[in-house]
Amino acid sequence: MIRLNRREFLIKTGAAMAASALPINLVRTAFGATGAAEDFTFAYISDAHIQHIGGTEFVRNWDRGLIRSIHEANLLSPRPDFFFFGGDLAQLGTREEIDHGLEIMSKLRGKVHYVMGEHDYYLDLGEYWESQLGPQWYSFDHKGVHFVVLNSVLTYDDWTFNGWPAPMDRMKAMARLDNPKGSPFLVGKKQRAWLKKDLEKVNKNIPVVVCSHSPIQKIYKGWNFWTDDAEEILALLKPFRKVTVLYGHVHQIQYNQIGNISFHAVMATAWPWPYPESYAQAASHFPELTVPMNRADPFFERDATGWQFINVHTGNVDMRYQLPNNKDRTVAFDTKTGRPKDQEYQDPKNRRPPHVHY
Amino acid sequence: MGKPAKLVGVLLLTLTCLILVLPAQADEFTPEDLERWEQEFMAVVDEGEKQFHSSQLGKNQVSCDQCHPNGANTHPETYPKFQKQLGRVIELFEMINWCIENPLEGDPLVADDPRMIALEAYIHYERRGVPLAPGKH
């Protein structure tokens with residue numbers, strides 16, 4: 001059993017714990033803004049990239065990553081209030097991949113909220129996903145926190161609707177991360193109007209958590225670590241006292257603080273991605289605040305993958321990354337500096353050689 | 001001047017001419033040559049880019065770029081190097097083959113297979129400008 005209380009969560013992060021072998025991201029949020037809010041935790045699993053080979057065969061490696069995270073998440077005690085799946089359940093958006101992914105996900109004990117990823121979307125523009133999982137964007141309230149889920153992987157109509165011989169050509173073009181003929185992610189006008197209306201009814205002291213697949217930031221356009229209308233979305237979130245954006249897509253630890261908004265990426269269960277700075281031919285705007293994850297050991301196929309617990313407390317999100325081959329990491333909101341802080345490595349003196357990416 | 005001295009003089013003159021003329025001839029390549037050689041190289045880089053993004057290099061549809069967009073995190077400038085997981089010093093092509101055999105579940109290529117040379121050309125090209133650092137982990 002993985003038993004964590006808040007004290008352990010924040011203080012014993014460096015200690016070897018039973019949870020240390022688990023590739024899970026537990027997120028604990030404490031949003032006590034109104035006094036009525038309660039601490040709670042939820043867990044976040046993302047980027048499984050279930051990939052169909054043919055017939056009844058799927059890529060073993062990616063299947064195992066998702067299965068492992070679910071087994072570990074099922075051992076959490078106390079139980080998280082719910083789960084998020086952060087997008088890219090499938091690799092090429094087929095029914096076979098979505099069905100197989102959902103069958104694996106069905107073993108997870110608890111309610112799951114799903115986020116759309118580009119690998120789920122660009123074959124049929126989310127039609128099959130939606131038929132199985134419901135609307136592509138929605139909101140809900142939980143223990144005094146307002147949650148918003150966006151489909152942030154839309155793009156410009158010209159790219160989506162013109163010139164594709166077949167839907168699978170469009171899917172493969174967007175699935176290739178480094179495609180020079182790709183197109184930047186977008187939340188889009190229609191969804192922004194919905195978001196504006198959704199947020200109008202929410203008290204500005206209520207903590208808000210936004211879950212998207214792409215970062216609502218502009219980090220590196222070449223790999224779509226990017227949302228083209230990020231500024232317009234952040235402007236809608238600006239009036240709120242405490243906002244956290246949680247995103248997948250980047251398959252790595254990232255965190256940042258922009259004004260009142262904290263940003264955290266979640267790990268993938270499938271494979272890690274390099275940090276943009278390790279591509280020698282392009283400049284990126286990587287958040288300086290982030291202490292990177294360890295450089296991956298390719299010989300241990302679950303290395304640099306994982307999932308997380310999220311602790312919601314006092315209105316801010318504390319992330320606990322469950323990493324199968326490294327020491328777990330906790331990035332918690334520091335009320336003194338007003339931004340997220342790695343509990344062990346934030347001070348440059350405490351960095352380790354595996355944190356160096358090149 | 002005696003005959004042998006004359007002969008030596010002629011030989012020296014001939015050698016001097018050879019030294020002056022031959023290397024100049026060997027170095028005579030034109031801008032068109034340079035352009036063609038660049039094109040030959042880039043054609044192999046382009047083939048490497050195709051192989052690197054191909055779902056057919058291995059046997060499970062997985063392609064190299066799924067983990068290494070733009071060939072990033074392959075560090076070609078650090079080879080040959082001690083690969084701790086294999087316990088010996090290896091060349092880049094051996095690590096490429098490791099990836100083909102494991103994450104891609106495919107069959108390894110011989111070192112001079114045109115596909116291997118193309119993969120190496122692409123990986124190096126995406127890393128151009130980075131100083132050589134053999135042995136660096």
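Me: How many bridges join strand β14 of chain A to β16(A)?
Reply: Residues are numbered from 1 along each chain as its sequence is written, while chains are lettered from A and ligands numbered from 1 in the order in which they are written. Strands (E, at least two residues) and helices (H or I, at least four) are DSSP runs numbered from the N terminus, and two strands pair if DSSP finds at least two bridges between them. β14(A), residues 243-247, runs parallel to β16(A), and the number of bridges joining them is five.

Me: Is β16(A) mostly covered or mostly open, and how many of its residues are buried?
Reply: A residue is buried if 20 or more other C-beta atoms (placed from the backbone) lie within 10 Å of its own, exposed if 12 or fewer, and partly exposed in between. Ile261(A), Phe263(A) and Ala265(A) point one way from the strand, Ser262(A) and His264(A) the other way, and all are buried. β16(A), residues 261-265, is thus mostly covered, with a buried count of five of five.

Me: Which residue in the turn between β15(A) and β16(A) has a positive phi?
Reply: β15(A), residues 255-258, runs antiparallel to β16(A), with four bridges between them. In this pairing Asn256(A) stands opposite Phe263(A). The two strands form a hairpin with two residues between them, and the one with a positive phi, about 60 degrees, is Gly259(A).

Me: Why does Asn260(A) count as partly exposed?
Reply: Asn260(A) lies in the loop between β15 and β16 of chain A. Contact means C-beta atoms, placed from the backbone, within 7 Å; beyond four places in sequence, Asn260(A) is in contact with Lys238(A), Phe240(A), Arg241(A), Lys242(A) and Val243(A). Asn260(A) counts as partly exposed because its C-beta neighbours inside 10 Å number 16.

Me: Which strands stand at the edges of the six-stranded open sheet in chain A?
Reply: The order is β9-β10-β11-β14-β16-β15, with mixed pairing. Two strands have a single partner each, so one side of each is left without a neighbour in the sheet: β9 (138-142) and β15.

Me: What is the mean pLDDT of chain A?
Reply: pLDDT is the predictor's confidence in each residue, from 0 to 100. In chain A it stays under 50 over residues 10-23 and over residues 31-36. Where pLDDT is low, the predicted coordinates should not be read in detail. Still, 90% of the residues of chain A reach 70 or more, and the mean is 91.

Me: How many residues of chain A are in contact with chain B?
Reply: Chain B has four helices and two strands, in the pattern α-α-β-β-α-α along the sequence. From chain B, 18 residues take part in the contacts, and the number from chain A is 16.

Methods. Predicted model: local features only at pLDDT ≥ 70, side-chain atom pairs only at ≥ 80, totals over all residues. Contact = placed C-beta atoms within 7 Å.
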